[in-house]
Amino acid sequence: MNREAQEEELKPAQIVLAFFVMDQYYVYILYSELIDKFYVGQTGDMDKRLLFHNDSQRNNIWTKRGIPWVLKKAILFNSRAEALKAEKFIKSQKSRKVILDIIQNGYNK
């Protein structure tokens, strides 16, 4: 087999690898100094989500009253299921102390 034929055979595999992107999801913790509250959520696009929370025109959830929100922590997960599980756990603690600990020391579950 000549060199050109080998390169042509590899192209489909290279294309598949070039477009293979592993999903990444974040659990994030925001803080509003205005209302002195934390907000915990999850997303696949951290930048877009932070912009949403700080957009008074598009944000129609309770976080609107806390604008501006500051990102305090973003924890990366390899699947949405893992991120949802972590978000649920953090919210179930109903504890500012737990949230501050996660911000300072990371999430260890």
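Predicted model: local features only at pLDDT ≥ 70, side-chain atom pairs only at ≥ 80, totals over all residues.
Q: What makes Lys94 count as exposed?
A: The relative accessible area of Lys94 is 77%. The cut-off for exposed is over 50%, so Lys94 is exposed.

Q: Where is Asp36 found?
A: Asp36 is in the loop between strand E1 (25-32) and strand E2 (37-43).

Q: Why is Asp36 called partly exposed?
A: Its relative accessible area is 38%. Buried would need under 20% and exposed over 50%. The value for Asp36 lies in between, so Asp36 is partly exposed.

Q: How do you know that the side chains of Arg96 and Asp36 meet in a salt bridge?
A: The N to O distance between Arg96 and Asp36 is 2.8 Å. The rule asks for a side-chain nitrogen of Lys or Arg within 4 Å of a carboxyl oxygen of Asp or Glu. The pair meets that rule, so the term applies.

Q: Which parts does the pair of Arg96 and Asp36 tie together?
A: Arg96 lies in helix H4 and Asp36 in the loop between E1 and E2, so the pair links parts 60 residues apart in sequence. Arg96 is partly exposed at 39% relative accessible area.

Q: How many salt bridges does the structure hold?
A: There are 3 salt bridges. In one of them, Lys91 pairs with Glu87, with the closest N and O atoms 3.0 Å apart. In another, Asp55 pairs with Arg58 at 3.6 Å. Both distances fall within the 4 Å limit, so both pairs qualify.

Q: Where do Lys91 and Glu87 lie?
A: Both belong to helix H3, where they are 4 residues apart, or about one turn of the helix.

Q: Is Glu87 buried or exposed?
A: Glu87 has a relative accessible area of 13%. That is under 20%, so Glu87 is buried. Lys91, at 39%, is partly exposed.

Q: Why does His53 count as buried?
A: The relative accessibility of His53 is 0%. The cut-off is under 20%, so the residue is buried. His53 is part of helix H2 (residues 46-53).

Q: What joins the side chains of His53 and Tyr28?
A: A polar contact of 2.8 Å joins them.

Q: Which residues is His53 in contact with, leaving aside its neighbours within four places in sequence?
A: The contacts of His53 are Tyr28, Leu30, Tyr39, Asn59, Ile61, Thr63, Ile67 and Trp69.

Q: What kind of peptide bond joins Ile67 and Pro68?
A: The bond is cis, with omega about 10 degrees. Most peptide bonds are trans. Pro68 is placed in the loop between H2 and strand E3 (70-77).

Q: How many residues has the largest nonpolar core?
A: The largest nonpolar core has 15 residues, and those with the most contacts inside it are Val27, Ile29, Phe77, Ile90, Ile99 and Tyr107. Two or more residues each come from E1, E2, E3, H3 and H4. E1 gives the largest share, 4 residues. A second, separate core has 5 residues, including Leu30, Tyr39, Met46 and Trp69.

Q: Which residues does Phe77 touch, not counting those up to four places away in sequence?
A: Phe77 touches Asp23, Gln24, Tyr25, Val27, Glu82, Ala83, Ala86 and Tyr107.

Q: What pattern does the chain follow, read along the sequence?
A: The pattern is α-β-β-α-β-α-α, made up of 4 helices and 3 strands.

Q: What percentage of the 109 residues of the chain count as buried?
A: The buried share is 28%. The accessible surface of the chain is about 8100 Å², and 53% of that belongs to carbon and sulfur atoms. Among contacts between residues at least 6 apart in sequence, 57% join residues at least 24 apart.

Note on methods:
Residues numbered from 1 in each chain as written. Heavy atoms only, no water. Buried < 20%, exposed > 50% of the residue type's maximum accessible area, 1.4 Å probe, protein only. Polar contact = N/O pair within 3.5 Å; in protein donor to acceptor, adjacent residues only side chain to side chain. Contact = heavy atoms within 4.5 Å. Areas by Shrake-Rupley, 256 points an atom, 1.4 Å probe, with all protein chains shown as cover. Core = buried A, V, L, I, M, F, W, Y, C linked by side-chain atoms within 4.5 Å.
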